[in-house]
Amino acid sequence: MSDKPQAESPQPTYDLVIRNGTIVTAEAVYQADIAVSGEAIAAIGRDLHGRRELDATGHYVIPGGIDIHVHLEMPIGAFTSTDDFYHGTRAAAFGGTTAIVDFVETRPEETMLDALAARQARAAGKVTIDYGLHMTIGPTDIAKLDQVSDARAAGCGSFKLYMAYGLRLTDGQLLQALEAAGRAGALPVVHAENWDVITTLIGRNQAAGRTTPHWHPRSRPPELEAEAAGRVIDIATWLGVPLHIFHVSCADTAGRIAAAKARGLPVYGETCPQYLYLTQDLYDRPGVEGALPVCSPPLRAAEHRDALWRALVAGDLDLVTTDHCPFTAAEKAGGLADYSRIPGGVPSIESRVALVYDGLVNRAAGSREDGLRRWVDVCATTPARLLGFGRKGRLLPGYDADIVIFDPEASHVVSVESLHETCGWTPYEGQVLRGLPVTTISRGEIIADRGQWFGAPGRGRFVPR
Ligand code: MN
Ligand code: MN
């Protein structure tokens with residue numbers, strides 16, 4: 001490059017340029033403009049210009065968040081989670097998330113490909129951001145394991161295995177399912193809890209008339225969550241198959257994952273905002289208040305919450321998802337006579353990016369730059385890499401222009417009044433946060449900007465992984 005001024009060389013003009021922001025990636029924090037052409041990032045550099053320009057002075061520019069564990073319009077028994085594919089993805093986008101992974105479950109008589117097509121059809125006219133789907137392998141799917149490679153080829157790069165609930169697999173079935181996923185080159189993702197112990201403890205509590213939500217965490221001990229995680233880690237390790245542990249709620253399970261990583265094993269773990277922010281004393285609140293935060297695994301004591309933040313910073317946990325699965329207060333209240341009948345799940349699809357920022361950056365013990373890089377890593381970059389979003393999770397030319405502009409100084413009080421989630425309550429009501437996503441760009445299109453919504457239902461696409 002000559003240091004003489006360039007004579008009249010025509011500047012390329014891009015469709016959109018975000019100017020003067022501070023770019024934050026998992027690797028670095030630096031000042032630059034970022035240019036978009038069509039649906040992709042075209043250039044990152046200085047003094048870029050486009051037909052439309054956004055001034056991001058004083059703001060962070062980050063890859064859009066990726067939430068790889070959400071349940072939208074999810075049927076659970078008599079209930080369906082309240083956010084459908086439109087409202088759920090819209091709330092996600094307002095909160096700085098530009099891709100999600102939801103779930104497919106097959107009926108016994110249905111093939112995996114038919115179930116996948118049905119779930120895609122349900123999402124198609126509604127999704128406002130890109131999405132992927134985990135294929136669930138339940139007990140009746142063990143007879144269909146020869147279809148795993150078809151589902152993999154159709155874009156299900158990950159398979160969900162349950163060790164709890166009606167969909168739980170026995171250890172022998174787990175072995176077969178892990179083997180099939182491994183053979184297909186897909187990532188198994190697991191709900192790990194010891195269901196036999198849980199059902200025994202629930203039965204004992206019911207017999208003794210201990211039916212309030214107070215007993216919910218006391219039926220699902222952290223030691224037995226860790227036992228189940230350790231068991232599936234051991235089976236996967238013996239098979240030589242990588243593994244991702246869902247919704248780690250306690251120090252015990254984080255310890256099992258850390259131990260596996262220390263042995264060099266491809267074992268990964270996530271936690272969720274509810275385990276990073278909320279504690280089990282909430283179950284002692286009177287009436288429906290105590291029922292609202294029922295989720296599984298349950299909220300734990302504060303020592304676990306603190307250990308999870310440390311594990312996230314240290315890299316023992318790899319990412320943060322929401323396990324977003326909202327139900328209304330009326331639906332929750334329906335189970336007040338027996339805590340085991342309360343539909344489980346809490347909302348946070350819209351608050352995740354800001355909540356994790358508050359913990360990893362505002363309240364960080366280490367340097368601000370380390371906190372910023374880790375924030376982007378656990379919210380976007382590692383979820384994209386681990387779950388096979390090849391063009392997302394990073395800010396590089398050629399990647400999808402899924403970009404979020406984040407105002408680090410915008411203080412706000414989380415409230416159901418300002419959220420776009422539809423269940424009518426949030427466990428973070430009243431939480432004061434500093435830092436807020438202000439603009440969300442999905443494949444080059446500004447879909448949310450300073451509280452205004454521009455994303456058409458159905459504009460999101462299924463991403464084969
Ligand atoms: Mn689960
Ligand atoms: Mn879940």
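This is a predicted model: local features need pLDDT of at least 70, side-chain atom pairs count only at pLDDT 80 or more; totals for chains, interfaces and linings use all residues.
Residues are numbered from 1 along each chain as its sequence is written, chains are lettered from A and ligands numbered from 1 in the order in which they are written, and side-chain values use heavy atoms, with hydrogens and water left out.

The chain is assigned domain 1 (13–62 + 396–453) and domain 2 (64–387), with bounds that come from an automatic or database domain assignment. The C-alpha centres of the two domains are separated by 26 Å. Contact, defined by heavy atoms within 4.5 Å, involves 40 residues of domain 1 and 48 residues of domain 2. About 3,600 Å² is buried between the domains, and carbon and sulfur atoms give 63% of this area; buried area is the accessible area (1.4 Å probe) that two parts lose on being put together, summed over both. Within domain 1, the residues that lose the most area to domain 2 are Trp425, Tyr428 and Trp453, which together account for 21% of what that side buries.

Polar interactions across the interface comprise 16 residue pairs in polar contact, both residues being at pLDDT 80 or more. A polar contact is a pair of N or O atoms within 3.5 Å; within protein, one must be able to donate a hydrogen and the other to accept it, and residues adjacent in sequence count only if both atoms are side-chain atoms. Strands E5 (60–63), E16 (403–413), E17 (432–442), E18 (445–449) and E19 (452–453) each give two or more residues to the side of domain 1 that touches domain 2. Strand E17 provides the largest share of that side, seven residues. Helices (H or I, at least four residues) and strands (E, at least two) are DSSP runs, numbered from the N terminus. One salt bridge is counted between the domains, a salt bridge being a side-chain nitrogen of Lys or Arg within 4 Å of a carboxyl oxygen of Asp or Glu. The side chains of Asp130 and Arg443 form a salt bridge with an N to O distance of 2.8 Å.

Two manganese ions, ligand 1 and ligand 2, are 3.5 Å apart. Donors are N, O and S atoms within 2.8 Å of the metal (3.2 Å for Na, K and Ca); water is not among the atoms, so sites may look incomplete. The manganese ion (ligand 2) is coordinated at 2.1 to 2.2 Å by His69 (NE2), His71 (NE2) and Asp323 (OD), and its donor residues follow the spacing H-x1-H-x251-D. His69 lies in the loop between strands E6 (65–67) and E7 (75–76), and Asp323 in the loop between strand E15 (319–320) and helix H11 (329–333), so this pair ties together parts 254 residues apart in sequence. The manganese ion (ligand 1) is coordinated by His191 (ND1) and His247 (NE2) at 2.2 to 2.3 Å. Because His191 lies in strand E12 (residues 187–191) and His247 in the loop between strand E13 (243–245) and helix H7 (251–262), the pair ties together parts that are 56 residues apart in sequence.

Backbone features include a cis peptide bond between Ser296 and Pro297, with omega of about -5°. Pro297 is located in the loop between helix H9 (288–291) and helix H10 (302–314). Asn20, in strand E1 (residues 13–24), has a positive phi of about 65° although it is not a glycine.
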